[in-house]
Amino acid sequence: MTTDADLKDVRAWLLAEHHETVDADRLGHVRAELQRIVADGVRGAVVELGCYRGAMTLWMRCVLDACGDDRPIHVYDSFEGLPETTEEDEIVMPSGLFTSSPADLLAVFAAWDRRPPHVHPGWFEDTLAGRLPDRIAFGYLDGDLYASTLVSLTQCVPRLQPGGALIIDDYTDPGARPGAVAPFPGVKAACDAYFGAPSPVETLPGDVAYGRYRRRD
Ligand SMILES: C[S@@+](CC[C@H](N)C(=O)[O-])C[C@H]1O[C@@H](n2cnc3c(N)ncnc32)[C@H](O)[C@@H]1O
């Protein structure tokens with residue numbers, strides 16, 4: 001059984017040891033969305049596209065466990081870090097940033113004695129089409145770049161179940177949040193390219209930016 005006290009311990013550890021990629025807002029948004037999905041009985045898998053060392057993956061497992069929900073989590077990553085940026089990213093990032101390994105991720109799960117996710121190493125462009133579950137209830141999209149976000153949406157949205165949701169990390173909409181700094185402008189550009197206007201992606205509150213897409217039918 002996973003209690004609120006257990007979640008508090010995991011949260012404190014993540015904020016201390018994995019603050020490079022998770023923060024209190026992100027953890028709160030993902031927890032709330034997963035709890036809603038379980039409460040609403042939305043069926044389908046939980047997936048993370050861009051899992052790095054498994055910080056958010058561990059959080060999602062613990063939140064599901066606290067809800068008494070044993071559905072599997074599937075995670076996807078090159079484990080070779082970010083690919084090359086493109087013109088649409090409007091920034092240049094060194095390729096290979098955020099390199100990790102499946103062993104790094106599995107060690108996090110072993111340390112917390114949690115059931116590990118299904119790990120799908122490889123570039124999204126090669127893995128997602130064939131290895132995503134047919135039905136997705138919740139997805140955490142964290143590929144940082146335009147092309148990575150676009151292929152994530154292309155493969156996840158058609159699989160999203162009614163009531164299901166995607167949280168899109170680093171989605172920054174200066175129109176919704178005047179003055180907001182967009183560290184990864186390619187993420188919103190990919191959402192706009194995929195969904196068109198008006199965008200169904202909502203901006204979530206927080207110090208950094210996050211977007212949420214819910215399938216409402
Ligand atoms: C910011 S990190 C993810 C952090 C993680 N979600 C967390 O909460 O700790 C971004 C990850 O996306 C992966 N990535 C980005 N584009 C990718 C692509 N096209 N294919 C596979 N992995 C990709 C990188 O390897 C990197 O590990």
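Q: To start, where is Tyr52 placed in this structure?
A: In this predicted model, Tyr52 is found in the loop that runs between strand 1 (45-49) and helix 3 (55-66).

Q: And what is phi like there, at Tyr52?
A: Phi of Tyr52 is near 50°, which is a positive value in a residue other than glycine.

Q: Is Tyr52 buried or exposed?
A: Tyr52 counts as buried, because it has 23 C-beta neighbours inside 10 Å, and a residue is called buried from 20 or more.

Q: OK, what about Asp170, what is its phi?
A: Asp170 is not a glycine, yet its phi is positive, at about 65°.

Q: Where does Asp170 lie, then?
A: Asp170 belongs to the loop between strand 5 (160-169) and helix 7, and with 21 C-beta neighbours inside 10 Å it counts as buried.

Q: Switching to peptide bonds, which residues does the cis one join?
A: The cis peptide bond joins Ala197 and Pro198, with omega at about -5°, and Pro198 sits in the loop between helix 7 (185-195) and strand 6 (202-204).

Q: New topic, how many residues does the largest nonpolar core have?
A: The largest nonpolar core has 57 residues, and those with the most contacts inside it are Val30, Val46, Trp59, Met60, Ile136, Leu166 and Ile168. Helix 3 gives the largest share of this core, namely 8 residues.

Q: Take Val30 from that list, what does it touch?
A: Leaving out residues up to four places away in sequence, Val30 touches Met56, Trp59, Met60, Tyr140 and Ile167.

Q: Last one, how many residues surround the ligand, and which are the closest?
A: The ligand is surrounded by 23 residues, of which Thr21, Gly50, Met56, Ser78 and Ser148 are the closest. By class, the shell around the ligand is made of 11 nonpolar, 8 polar and 4 charged residues.

Notes
Residues are numbered from 1 along each chain as its sequence is written. This is a predicted model: local features need pLDDT of at least 70, side-chain atom pairs count only at pLDDT 80 or more; totals for chains, interfaces and linings use all residues. Helices (H or I, at least four residues) and strands (E, at least two) are DSSP runs, numbered from the N terminus. A residue is buried if 20 or more other C-beta atoms lie within 10 Å of its own, exposed if 12 or fewer, and partly exposed in between; C-beta atoms are placed from the backbone. A nonpolar core is a set of buried Ala, Val, Leu, Ile, Met, Phe, Trp, Tyr and Cys residues joined through C-beta atoms within 7 Å. Two residues are in contact if their C-beta atoms, placed from the backbone, lie within 7 Å. A residue is near a molecule or strand if its C-beta atom, placed from the backbone, lies within 6 Å of it. Ala, Val, Leu, Ile, Met, Phe, Trp, Tyr, Cys and Pro count as nonpolar, Asp, Glu, Lys and Arg as charged, and the others, Gly among them, as polar.
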